[in-house]
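Me: I would like to learn how to read a protein model step by step. Could we take one feature at a time, with the general idea placed before the case?

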Amino acid sequence: MTEPVRATPPVRVTPPLRITPTLMFGSRRAFRLIERNLYVYKHGWMVIVSGFFEPLFYLLSIGFGLGALVGNVPGPGGKDIPYQLFIAPALLASSSMNGAITEATLNFFFKLKYQKTFDSILSTPLSVADIALGELGWALIRGALYTLGFLGVMVILSIGVSPWLLLTLPAALLISFAFGAVGMAATSFMRTWQDFDLIQLVVLPMFLFSGTFYPLDAYPDAVRIVVQLTPLYQGVDLLRSLAVGVVGPSAIFHVAYLAIMGVAGLFVVSRRLDRLLLK
């Protein structure tokens with residue numbers, strides 16, 4: 001007798017992640033992952049809020065403490081501005097970077113390597129593209145929360161009275177997008193927690209030497225060129241120009257630089273997640 005043929009259950013194949021219009025402009029399913037993160041942080045919201053206080057403390061201690069000794073410094077367009085107005089946009093750019101980097105590196109690595117969150121998510125209708133978009137979207141939300149809080153402090157303290165200040169929110173989100181995408185791409189290559197020392201080795205010098213606390217004139221010419229090529233400087237100069245109200249053609253270069261950086265990071269992480277989650 002021949003044995004009856006048993007029907008095999010269909011195998012769900014997740015399509016590989018590619019840079020498509022859907023990936024770039026969003027997927028409805030990706031919002032489910034953002035919703036999941038909201039539930040996770042529902043009782044741990046203090047973890048997110050705590051990241052806002054670091055740049056605030058820098059502003060209050062250095063901006064007003066040291067600022068009383070420094071006085072005015074050259075700002076965008078060569079116009080002298082108060083020291084508080086000089087460093088506040090720079091700290092806002094740093095806050096947007098730190099919020100996105102924290103979510104896109106440490107938390108992303110834990111979900112990917114240890115908690116295996118993404119492996120479980122792939123058993124649902126969500127795809128690898130949805131995971132990438134959802135995690136990057138959540139990093140943008142975290143960066144936006146830091147930005148809104150810091151902007152509120154600037155308004156209360158009357159730092160930055162330009163109408164262009166309203167555009168600092170989308171500009172800060174662009175900074176979060178650029179660093180969040182590159183952070184996720186870098187994290188996909190990490191093997192252990194010790195590897196994250198390399199990220200701090202890059203982030204900390206950028207924070208200190210990207211024109212955050214003093215003008216570029218303080219650097220030698222050769223160092224000044226290197227500083228102007230760093231990604232955080234693009235965000236610092238962009239937000240400072242908006243806060244002061246001196247917006248020139250360089251703003252277009254800053255926006256293009258950060259946008260290309262974000263797209264490149266998203267492209268890399270797309271390839272890496274294909275290999276890590278669909279192997």
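Predicted model: local features only at pLDDT ≥ 70, side-chain atom pairs only at ≥ 80, totals over all residues.

Me: In which helix does Val153 lie, and how far apart are Val153 and Leu59 in space?

Reply: Helices (H or I, at least four residues) and strands (E, at least two) are DSSP runs, numbered from the N terminus, and Val153 belongs to helix H6. Although Val153 and Leu59 are separated by 94 residues in sequence, their C-alpha atoms are 9.8 Å apart.

Me: How many helices and strands are there in the protein chain, and what percentage of its residues count as buried?

Reply: The protein chain has eleven helices and two strands, and the order from the N terminus on is α-α-α-β-β-α-α-α-α-α-α-α-α. Of its 279 residues, 48% count as buried. If contact is taken as heavy atoms within 4.5 Å, then among contacts between residues at least 6 apart in sequence, 79% join residues at least 24 apart.

Me: How should I read a salt bridge, and how many does the structure hold?

Reply: A salt bridge is a side-chain nitrogen of Lys or Arg within 4 Å of a carboxyl oxygen of Asp or Glu, and the structure holds three of them. In one, Asp221 and Arg224 meet with 3.3 Å from N to O; because these two are three residues apart in helix H9 (residues 221-228), about one helical turn separates them. Asp221 counts as exposed at 54% relative accessibility, whereas Arg224, at 23%, counts as partly exposed.

Me: Which residues do salt bridges with shared partners join into one network?

Reply: The network consists of Glu103, Lys111 and Glu135. Glu103 pairs with Lys111, with the closest N and O atoms 3.8 Å apart, and Glu135 also pairs with Lys111, where the corresponding distance is 3.2 Å. This second pair links distant parts of the chain, since Glu135 sits in helix H6 (residues 128-156) and Lys111 in helix H4 (residues 83-114), 24 residues apart. Glu103 counts as buried at 1% relative accessibility, and Lys111 counts as buried at 7%.

Me: What describes two packed helices, and at what angle do H4 and helix H8 pack?

Reply: Two packed helices are described by the angle between their axes and by the distance between the axes. The axes are lines fitted to C-alpha atoms, for helices over the stretch in contact, and angles run from 0 to 180 degrees between N-to-C directions. H4 and H8 (residues 196-209) pack at about 175°, with their axes 12 Å apart, and they are therefore roughly antiparallel to each other; angles under 35 degrees count as roughly parallel, over 145 as roughly antiparallel, 65 to 115 as roughly perpendicular and the rest as oblique.

Me: Which residues make the contact of H4 with H8?

Reply: Among them are Leu91, Met97 and Phe109 of H4, together with Phe196, Val203 and Phe207 of H8.

Terms used:
Residues numbered from 1 in each chain as written. Heavy atoms only, no water. Buried < 20%, exposed > 50% of the residue type's maximum accessible area, 1.4 Å probe, protein only.
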